[in-house]
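Here is a short briefing on one protein model. Look at the fold first, then read the points below.

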Amino acid sequence: MGHPRMYDDSDPVLARLREIALSLPEATEVEAWGRPTFRAKKIFCLYEDGLVFKPAPGERDMLVHERRVTIPAYWGPSGWLALSLAGEVDWEEVRELVTDSYRQVALVRMLKALDA
């Protein structure tokens, strides 16, 4: 038995997140656990009541103190954070967080393409 779909494809926030995540070299979207996940072979972010991402090394301690950021139950013990995408969203910040998370899992050729 699969997981029920936990998102709506017509969600404009998800559409914007998709645009950002799928603009990265070789990024794909795969539904898992009823949620959209974005991958570069491995998951680099997902949409679960906001953006779930792995912060760049050294940035977690700073980000965890922001009021829009929480530690997700399943992903948090592995260093991941969740950013609320409710209300006013700074999409450049989202792009930076998604890109930093992507850089941690992307293959060398993907990183070369990103930096080209």
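**The sheet**

Six strands make an open sheet in the order S1-S2-S3-S4-S6-S5, with antiparallel pairing. The edge strands are S1 (28-32) and S5 (69-70), and each pairs on one side only. The model is predicted: local features need pLDDT of at least 70, side-chain atom pairs count only at pLDDT 80 or more, and totals for chains, interfaces and linings use all residues. Residues are numbered from 1 along each chain as its sequence is written, and side-chain values use heavy atoms, leaving out hydrogens and water.

**Terms for strands and helices**
- Helices (H or I, at least four residues) and strands (E, at least two) are DSSP runs, numbered from the N terminus.
- Two strands pair if DSSP finds at least two bridges between them.

- S3 (residues 42-47) and S4 (residues 51-53) pair in the antiparallel sense over three bridges.
- Leu46 stands opposite Val52 in S4.

**Helix against helix**
- H3 (residues 91-103) and H4 (residues 108-115) pack at an angle of about 145 degrees, with axes 10 Å apart.
- Axes are lines fitted to C-alpha atoms, for helices over the stretch in contact (heavy atoms within 4.5 Å). Angles run from 0 to 180 degrees between N-to-C directions.
- Thr99, Tyr102 and Arg103 in H3 meet Met110, Leu111, Leu114 and Asp115 in H4.

**Loop residues with positive phi**
- Trp33, in the loop between S1 and S2, has phi near 55 degrees, yet is not a glycine.
- Lys41, in the loop between S2 and S3, is not a glycine either, and its phi is about 75 degrees.
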